[in-house]
Amino acid sequence: MELNLNKRKKQKIENNNKNSNSEVFASCSFQSLGLHPTLCDQLKERLGFEAPTLVQAQAIPVVLSGRHVLVNAATGTGKTVAYLAPVIHQLQKSDPRIQRTDGTFALVLVPTHELCMQVYEILQKLLHRFHWIVPGYIMGGENRNKEKARLRKGISILVATPGRLLDHLKNTSSFLYTNLRWIIFDEADRILELGYGKEIEDILNILGSKPQKPVGKDNATSRISEVQRQNLLLSATLNEKVNELAKISLDNPVMVGLDQKTELQLTQQDMEPMEFNGKDILGKDGKLLTSSTEEYKLPTQLLQRYIKVPCGSRLVVLLAILKHLFEKEPSQKVVVFFSTCDAVDFHYSLVSGFQLLPHRQSDIEDKQLFLKCNTLRLHGNMNHEDRRTTFNAFKTEKSALLLSSDVAARGLDFPKVRCIIQYDPPGEATEYVHRVGRTARIGEKGDSLLFLQPVETDYLHGLEKHGVTLTEYPLQKLLDSFPLFGIKYHPKNFVSVDTHPWAVSLQRALESFISSELKMKKMAQNAFCSWVRAYTAHRGELKGIFMVKKLHLGHVARSFALKEQPSLVNKSLQKQSKKRMRDQKHNNISKKRKVSKR
Ligand SMILES: Nc1ncnc2c1ncn2[C@@H]1O[C@H](COP(=O)(O)OP(=O)(O)OP(=O)(O)O)[C@@H](O)[C@H]1O
């Protein structure tokens with residue numbers, strides 16, 4: 001039994017490693033899907049797309065047919081164009097031509113600013129030869145009055161974050177949506193997870209969730225006489241909340257989602273436009289055809305690994321891995337995910353300033369940054385301008401390290417990211433899929449590495465339930481590869497990471513760097529406090545894996561290069577643990593009483 005399981009795992013990993021280009025693209029042309037030749041030219045000239053991906057080949061004809069659709073396909077398979085292309089096709093063919101003054105025809109709702117900008121940029125490229133179709137965006141943090149002015153002039157395809165959209169729907173009287181025909185929810189589950197449920201409900205109430213007739217301001221008239229609403233929901237992962245949204249926003253929808261078998265069949269046959277390959281998404285009981293054991297859709301060529309690291313050695317191991325990656329391949333892009341904004345800031349400052357002292361103390365010029373790479377940071381507490389600069393920089397750089405919170409986990413398309421490191425495991429298992437999905441996009445190779453403490457390895461079982469299998473990263477081999485004082489260390493026996501001479505020496509250097517810089521120490525303390533809070537905030541099944549009472553806070557402090565654990569958290573946690581002990585004592589006494597009563 002065990003043998004069979006291992007064999008199956010091995011087989012799966014081998015399958016995953018093979019180049020999957022042939023599994024990403026369909027063997028048909030964009031034109032054969034029913035798209036206008038000029039639009040097909042734009043796809044080729046502006047975006048460099050020669051042929052549709054499988055999900056595009058499947059979704060485009062269905063969207064063109066006017067049916068409501070739910071697209072559930074792996075990350076990096078081209079979902080954005082799967083909805084933008086048919087919408088543009090329909091708008092460009094309208095005779096007489098649509099005009100700015102007709103207001104908004106299509107609305108694309110996205111969870112984050114970065115995704116908003118990304119979709120808008122693709123739109124701009126695709127609309128280059130359709131100048132009468134105007135793209136635009138509105139999102140939190142931007143200047144409201146400028147947005148109002150743009151809306152007054154008219155935006156045909158509008159990309160928006162939910163809060164700001166609702167704001168304009170309520171307060172911008174010149175915002176015309178009489179002709180609204182499409183509402184598209186990109187990363188639908190994330191929009192709801194971020195707590196936009198109420199906004200979405202209000203937006204759908206204002207716009208009408210699935211009307212057959214035009215809606216909008218009373219005095220406005222419809223531009224296209226046969227306007228029918230078509231709503232689309234897209235994501236690589238679904239959840240119960242999407243089920244709710246599907247129920248209120250989709251009318252007799254079609255599911256476009258490819259399991260491995262269907263994908264392989266699709267490469268062997270040309271897709272005919274208007275042929276449905278999807279299946280209805282809602283079962284008779286109104287539930288989504290997904291379950292808690294649903295297989296996650298991950299790029300098959302993605303190499304997924306985990307590394308088991310004791311808490312106190314986490315920082316040295318992270319730095320060792322990054323050093324190894326950038327020394328092996330100086331020109332590459334790597335993303336590291338953290339659980340909090342404070343942790344991103346701390347690690348960013350550390351990596352940007354930490355130097356190893358030269359062996360000869362006198363030779364000060366020999367001082368060099370420990371990590372020689374261009375480091376960037378991205379998180380939700382940064383101002384918009386900085387976020388945009390980082391986003392654009394990481395997009396265009398050939399070589400960079402991005403330290404990020406989950407703000408970069410969804411939908412963002414950074415070209416050629418080679419490796420994703422999840423230094424803190426994500427709070428939701430579905431987020432695992434989206435984080436690793438920033439690499440191995442559109443058939444390219446990619447690696448991912450998940451950090452786990454020895455007490456957290458049950459996390460892997462949760463992923464296995466969804467068909468995700470990870471192999472272990474050879475930590476010992478990595479540590480042994482670094483020279484200590486110019487000499488390579490060759491241990492005869494296994495040496496644990498916390499006693500490994502190279503790791504010990506790096507930990508000491510880090511601690512003295514942090515303790516010598518007041519600003520860094522403060523940042524480390526803040527990061528420590530937020531990290532513990534985030535750890536405590538794990539919900540559901542994960543609460544049983546990430547147990548704060550199993551943490552050694554002194555070791556957590558070491559992972560922020562602190563020699564001692566910060567007193568504030570210490571005190572509050574001590575209070576908590578005293579309370580826990582008191583409660584336990586109390587429970588034991590009551591149990592004893594109950595037993596004696598029986
Ligand atoms: N037909 C195509 N030919 C070549 N490249 C394509 C094609 N379609 C999409 N791409 C490229 O593939 C990458 C992924 O596309 P996109 O961001 O739309 O994926 P996605 O499925 O929405 O991913 P996620 O689930 O992460 O949001 C982008 O770089 C895009 O430019």
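Author: Helices (H or I, at least four residues) and strands (E, at least two) are DSSP runs, numbered from the N terminus. The model is predicted: local features need pLDDT of at least 70 and side-chain atom pairs count only at pLDDT 80 or more, while totals for chains, interfaces and linings use all residues. Residues are numbered from 1 along each chain as its sequence is written.

Reader: How many residues surround the ligand, and which are the closest?

Author: A residue is near a molecule or strand if its C-beta atom, placed from the backbone, lies within 6 Å of it. Here 18 residues surround the ligand, and Thr75, Gly78, Lys79, Thr80 and Gly411 are the closest.

Reader: What is the make-up of the shell around the ligand by class?

Author: Ala, Val, Leu, Ile, Met, Phe, Trp, Tyr, Cys and Pro count as nonpolar, Asp, Glu, Lys and Arg as charged, and the others, Gly among them, as polar. The shell has 9 polar, 6 nonpolar and 3 charged residues.

Reader: From which domains does the shell draw at least three residues each?

Author: Domain bounds come from an automatic or database domain assignment. For this chain it gives domain 1 (28–211 + 228–266) and domain 2 (302–358 + 367–577). Each of domain 1 and domain 2 supplies at least three residues of the ligand shell.

Reader: How many residues of domain 1 are in contact with domain 2?

Author: Two residues are in contact if their C-beta atoms, placed from the backbone, lie within 7 Å. By that rule 18 residues of domain 1 are in contact with 16 residues of domain 2. On the domain 1 side, α6 (113–126) and α9 (188–207) each supply at least two residues. The largest share of that side, 5 residues, comes from α6. By class, the side of domain 1 that touches domain 2 has 9 polar, 5 charged and 4 nonpolar residues. Taken over C-alpha atoms, the centres of the two domains are 35 Å apart.

Reader: Which residues have the most contacts inside the largest nonpolar core?

Author: In soluble globular proteins, nonpolar side chains tend to be buried together. A residue is buried if 20 or more other C-beta atoms lie within 10 Å of its own, exposed if 12 or fewer, and partly exposed in between, with C-beta atoms placed from the backbone. A nonpolar core is a set of buried Ala, Val, Leu, Ile, Met, Phe, Trp, Tyr and Cys residues joined through C-beta atoms within 7 Å. The largest one has 155 residues, and Val71, Ile88, Leu107, Ala160, Ile184 and Leu233 have the most contacts inside it. Helix α12 (residues 314–328) gives the most to this core, with 9 residues. Not counting residues up to four places away in sequence, Leu107 touches Leu158, Ala160, Leu180, Trp182, Ile183 and Ile184.
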